[in-house]
Amino acid sequence: RVVFLYSVGLGLALSVFLVIGNLGGFLVSFFTNDPATQDALKSILLIVTFSQPLNAYVFAADGMIQGASEFAYEAKSMLLSASVAFVSFLSFEYFGFEDRLSHIWYGLVILQMLRGLTATWKIIDPDG
């Protein structure tokens, strides 16, 4: 539990930092001076910001599953998660919006959500 609390806490702290950097206007200019690149970064900043606690949780869960030497389970859950995320990405491309960079990030969030669900399933499973 402590690992998850630290992980999600650090993910939330990073999200707060990203919000402050965005509101302060210095975050994207920290990475580049190119206006086109800055606009592209601004289009995905919201989803990157709010996905950080999820990412932190998934990385902590990965560590627990790998520490328990459940590599076969992790490989299968990653295959399932990646397959669904890939189909989602293709759907965004086919039916989607003009902003293709956001398609990638939405696909990554779907991947992480599924990885989080499969990891949680394994961790709370009494036989796991």
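A salt bridge here is a side-chain nitrogen of Lys or Arg within 4 Å of a carboxyl oxygen of Asp or Glu. By that rule, the structure holds 3 salt bridges, and this briefing walks you through them. Please keep in mind that this is a predicted model, where local features need pLDDT of at least 70 and side-chain atom pairs count only at pLDDT 80 or more, while totals for chains, interfaces and linings use all residues. Residues are numbered from 1 along each chain as its sequence is written, and side-chain values use heavy atoms, with hydrogens and water left out.

**Arg115 and Asp62**
- The side chains of Arg115 and Asp62 form a salt bridge, at 2.0 Å from N to O.
- Arg115 sits in helix α5 (residues 100–124) and Asp62 in helix α3 (residues 35–67), so the pair links distant parts of the chain, 53 residues apart (helices are DSSP runs of H or I, at least four residues, numbered from the N terminus).
- Both Arg115 and Asp62 are buried (buried means under 20% relative accessible area, exposed over 50%, partly exposed in between, with a 1.4 Å probe and protein chains only).

**Lys122 and Glu70**
- Lys122 and Glu70 meet through their side chains in a salt bridge of 3.6 Å, N to O.
- Lys122 is buried, at 15% relative accessible area, whereas Glu70 is partly exposed at 24% relative accessibility.

**Arg100 and Glu93**
- In the salt bridge of Arg100 with Glu93, the closest N and O atoms are 2.9 Å apart.
- Arg100 counts as exposed, with 53% relative accessibility, and Glu93 as partly exposed, with 25%.

How values were computed
Helices (H or I, at least four residues) and strands (E, at least two) are DSSP runs, numbered from the N terminus.
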